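Here is a short briefing on one structure. Please look over the sequence and model first.

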Amino acid sequence: MSVEESKLLNINLSSFELPINLSLDLNTKTLSFYKHLKCGLNLQSKALKAKDLNLLTRKLKLLLPECFKHCYNALTSRQAVFINALNPIPLFGTRYFGIIDRGTNVLELRPNTGCNLSCVFCSVGEGFNVKKTDFIVEAYYFKKWVDYALSFKKQSIELFINPQGEPLLYQELELLVKLLKQNKKVGKVSLVTNGLLLPSNFKRLIKAGVSSFHVSFPGFTNVKPLVGLNYDSEAVANALKQIVLQEKPLELWLTPVWVKGLNDLQVKEVVKLGLELKRLINENNSKAKVFIAIQNYLQYKAGRKVKGFKPLPWKLFYKNLKQLEAEFKEFKLNLTLTPSDVGIKPDNFVEKPLRTGQVVKAKIVCNGRNKNEFIAVTPANSAEPFQSLDFKARSIVVSSNKQSLGKLLGKTVLVKITHSKHNLFHAVVA
Ligand code: SF4
């Protein structure tokens, strides 16, 4: 088929060892990788002059690694970086995407960023009209890094899918869970979600292997000012009721954020929903378990601050939880959960190839999530496409208040590591 015969081309990238399809719209000069992930081709328009599909596909092979760095998320309208085998940014090194290991039997996984809500208390500042860069990691690429991380662990590991945003917006979530479950070391697969998209998705996710849902259900009364959007609490609550009645022994965690004085009523509604779910479980001899794990409202540098409200000191927060337990004392609730209640145990750390104070050569590969931040990769050559994967490579968040950092994009520079805890690296240009 010649290019002229069609204005919309579907191209399979498996010949590039990338198991995704893309479609190229010749009218808008737009490449689409997933439903929401697109790349304009204005800079690379010479590929569009190609006479036939084979030639075009070969040219795309050269152009794709650049395209993956300059996508946009059609849902959030933000710049997005698509990480995959041809844009092999390491999945250890930042909180923004990839894997976080804190030396326990839990690995935290972050396959995407971007959210469909805009909560007033969001700890990562997600939502609408926010200037951030989005990151999306391709599922097969993600699995390779998780297998590497699991090779250090000695016990059954919980995979805790907890991105800076909403994981149900990640188009490959079901596939990713199925791939991850192939590793025998994987025990529980947990999903942290705001719940909005659960009603139409929970069944397929359970089938894929999700066994624990952590839902930041915001309550029933007047929740729009809290989450920034219409939230169909009844529909989500109905989905939660169906989840606890499944045959599989699932866990459901209700995890609202409590801003004392702002959403006290809604937090009590969540507790009541938890009690109703427990009643349903008992009446139906279900194997499901429900936990109520209320979160303290905390403020972070990149997070959102609720005007007029300060985070509570932990002592006072626990006192408030105890008071809430007393209000519902006939139900013998435990709202003050500890790491052992949630099953966290120490385990080996994944190897950490960099240390604080070290000066290393790194390639600045793309913008970071926030203003004045970039992602660098060391060793520099491991960021090149068509390289075999280097699991000792790490991503580093390089920050600077100087505008000049932008000029370094694509260059290899010396950076000094200023933070290296838990394989999370920050640096400044040396
Ligand atoms: S708190 Fe969670 S659900 Fe709310 S905006 Fe942030 S990431 Fe989204």
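A362 sits across from V413, a residue of strand β22. The model is a predicted one. The notes below take the barrel, then a helix pair, then the ligand site.

**Barrel**
- Strand β19 spans residues 359–367, and strand β22 spans residues 412–419.
- β19 and β22 pair in the antiparallel sense, over 5 bridges.
- The barrel is closed by 5 strands, in the order β19-β20-β21-β23-β22.
- Pairing in the barrel is mixed.
- On average, neighbouring strands of this sheet are turned by 55 degrees against each other, direction ignored.

**Helix pair**
- Helix α2 covers residues 139–150, and helix α3 covers residues 173–181.
- Their axes come within 9 Å and cross at roughly 30 degrees.
- α2 is therefore roughly parallel to α3, as angles under 35 degrees count as such.
- The crossing of α2 past α3 is right-handed.
- On the α2 side, the contact is made by A139, Y140, F142, K143 and V146.
- On the α3 side, L175, L176, L179 and L180 meet them.
- The residues of this contact divide into 8 nonpolar, no polar and 1 charged.

**Ligand site**
- Residues around the ligand include C115, L117, S118, C119, C122, V124, E126 and G127.
- G165, E166, N194 and S216 are also among the residues that surround the ligand.
- By class, this shell has 5 nonpolar, 5 polar and 2 charged residues.

Methods:
Residues numbered from 1 in each chain as written. Predicted model: local features only at pLDDT ≥ 70, side-chain atom pairs only at ≥ 80, totals over all residues. Axes fitted to C-alpha atoms, helices over the stretch in contact; angles between N-to-C directions. Helix = DSSP H or I, 4+ residues; strand = E, 2+ residues; numbered from the N terminus. Parallel < 35°, antiparallel > 145°, perpendicular 65-115°, else oblique. Left-handed = near helix turned anticlockwise from the far one by under 90°. Contact = placed C-beta atoms within 7 Å. Nonpolar A, V, L, I, M, F, W, Y, C, P; charged D, E, K, R; others polar. Near = placed C-beta within 6 Å. Pairing = 2+ DSSP bridges.
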